[in-house]
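Here is a short tour of a structure, going from domains to chain contacts to a pair of helices. Keep the 3D view open as you read.

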Amino acid sequence: MVENIKKEFSTRTLVLIPIAIAINIAIGELVVRLKLPVYLDSIGTVLVGAIAGPWAGALTGALANLIWGLFNPFAAAFFYVAAVIGLLAGLAGKRGAFEKEAPRWLSVLVGAVFVFSLTMFIFAFTNATTDETGFTTYPSMAELFSSYAPIFIVAILAGGAIGYFLLQRGGYAGIWGLVTGGIAAIISAPTAAYVFGGVTGAGQDLLVAAFRASGAGILASVMAQGAVSDPFDKMLSFMVVWLILRSLPARFKAR
Amino acid sequence: MNAFSMYVARESGLHKLHPLTKGSLTLALLVAGLTLPGDWTGYFLVLFIILPLARWGKVLENLVRTTWSLSWPFVLSVILIQSLFWGKGTPIFELWGISPKVEGARYALISVGRIILVMADFLLFAMTTRPDTLMISLKQVGVPSSIAYIIVTTLQIIPSFQRKALTILDAQRSRGLETEGNLFIRVRAFVPIILPLVLGSLMEVEERAIAIQVRGFNSNRKETSLVEIDDTRRQATVRKLFIIIALLCVVARIAWQLLT
């Protein structure tokens with residue numbers, strides 16, 4: 001165990017980590033400049049995880065947010081989330097998610113299932129009813145499906161198309177990204193709800209407002225907001241890293 | 001050192017304190033503000049501890065300005081969302097179907113106190129502590145020099161990285177890459193910009209690794225430092241006290257939670 005950890009932290013890894021953190025920040029700012037509706041501020045962290053391993057990935061994530069916190073304390077509060085993202089990226093790398101080519105039908109399946117469950121999730125939230133005692137009941141999935149059938153069919157088709165054109169042969173990296181995003185949404189919600197009153201000061205707050213308006217509690221609303229935006233964001237990050245690793249010359253990867 | 005940093009160079013007693021003393025104070029204030037019961041603890045700590053300290057450190061104006069510019073989006077958002085979308089509660093007023101709730105507004109104000117505390121607390125530390133002295137003091141208490149290397153290098157390369165990203169953006173634009181327009185156009189611009197940035201910097205890894213290895217980075221000898229950091233017996237005691245206060249706050253909170 002200790003030997004394995006030591007092996008991950010070669011001089012090359014130590015040099016790679018600051019560059020990865022700078023990539024996080026540079027791309028994070030570029031996304032703002034291009035006005036894209038995502039964060040993509042953990043590409044460097046995922047990259048280190050994929051190249052060097054889970055422990056190096058976790059360290060990169062934690063340090064990235066703590067250093068970023070010297071300028072924006074908001075990031076520092078979520079350092080443990082970034083560490084988990086790096087750790088999961090490392091595990092994905094160990095399983096070969098960034099090397100193996102997934103069949104395209106798998107990508108279609110992943111995209112369809114993801115967009116379908118996202119749609120189901122949002123409808124479940126907006127159709128929930130709260131009675132006088134504050135007890136919330138959610139509608140059953142079958143009921144939802146039958147009342148909004150056309151929307152769900154469109155969602156499945158759109159998801160399949162996203163899978164086919166966006167994920168392409170990186171289906172495995174995409175799946176790992178989705179799972180990582182889901183976990184990140186769950187573990188970041190308590191901090192966001194307790195310390196920051198459930199807001200991020202950015203566009204995502206509109207989602208929180210929508211969920212609050214549907215009668216959900218603060219923690220649940222924040223978690224729901226994360227569940228909508230994080231898996232997609234982390235899926236994109238993992239896909240970008242997959243793309244980067246494919247474009248790297250073999251000489252670099254050989255070490 | 002032209003590093004990416006919030007440090008404000010001033011001659012003051014606060015600046016002269018050992019970085020770890022300020023670090024443990026920052027931690028104690030953060031933990032106290034988030035764990036102690038009472039709705040207005042955040043405001044109280046900012047008003048009676050952080051602001052006087054900032055005045056002592058001669059960074060009061062910078063601190064207030066930066067805290068505000070970082071916090072206002074949160075403040076605005078939390079007040080709007082939590083008061084307008086609270087659900088059931090006592091309405092403050094009703095107008096065209098909009099009715100902010102008393103309970104929501106109260107929750108929002110409590111959150112604002114926490115947000116301002118977290119921001120001001122970190123910023124006070126960042127503004128009065130030079131990054132390089134922080135690293136040296138961390139090494140002295142046994143943090144591995146590899147961690148210190150990562151932090152210092154990151155702070156130094158971020159500005160050059162941001163410049164590089166802008167250069168690539170301009171270069172691709174001059175080749176005819178569209179970076180403005182609808183969402184689809186902007187998404188397409190993304191990959192041609194980040195691939196050169198990332199691939200180019202990964203190629204540097206090799207050179208940098210060799211460069212630090214030949215300068216004895218892996219040596220086991222104890223290194224000496226150009227910058228001396230003042231430390232006193234009294235400060236070491238105060239540091240321990242701050243850590244104990246932080247721990248006590250956590251314990252008290254857990255006990256209080258279990259009893260009520």
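## Domains of chain B

In chain B, the domain assignment gives domain 1, made of 13-138 + 231-259, and domain 2, covering 144-214. Please keep in mind that this is a predicted model.

The centres of domain 1 and domain 2 of chain B, taken over C-alpha atoms, are separated by 34 Å. Where the two domains touch, four residues of domain 1 of chain B are in contact with four residues of domain 2 of chain B. On the domain 1 side of that contact you will find three nonpolar residues, one charged residue and no polar ones.

## Where the chains meet

Turning to the two chains, 53 residues of chain B are in contact with 45 residues of chain A. The elements giving two or more residues to the chain B side are α4 (60-84), α5 (102-128), α7 (145-174) and α8 (183-214) of chain B. The largest share of that side comes from α8(B), with 18 residues.

Sorted by class, the side of chain B that touches chain A has 37 nonpolar, 12 polar and four charged residues.

## A helix pair in chain A

Now look at helix α3 (residues 43-52) of chain A and helix α12 (residues 218-247) of chain A, which pack at an angle of about 55° with their axes 9 Å apart. Because of that angle, α3(A) is oblique to α12(A). The crossing of α3(A) past α12(A) is right-handed.

From α3(A), the residues Ile43(A), Val46(A), Leu47(A) and Ala50(A) meet residues of α12(A), including Phe238(A), Val241(A) and Ile244(A). This contact of α3(A) with α12(A) has nine nonpolar residues, one polar residue and no charged ones.

Note on methods:
Residues numbered from 1 in each chain as written. Chains lettered and ligands numbered in written order. Predicted model: local features only at pLDDT ≥ 70, side-chain atom pairs only at ≥ 80, totals over all residues. Contact = placed C-beta atoms within 7 Å. Helix = DSSP H or I, 4+ residues; strand = E, 2+ residues; numbered from the N terminus. Nonpolar A, V, L, I, M, F, W, Y, C, P; charged D, E, K, R; others polar. Axes fitted to C-alpha atoms, helices over the stretch in contact; angles between N-to-C directions. Parallel < 35°, antiparallel > 145°, perpendicular 65-115°, else oblique. Left-handed = near helix turned anticlockwise from the far one by under 90°. Domains from an automatic or database assignment.
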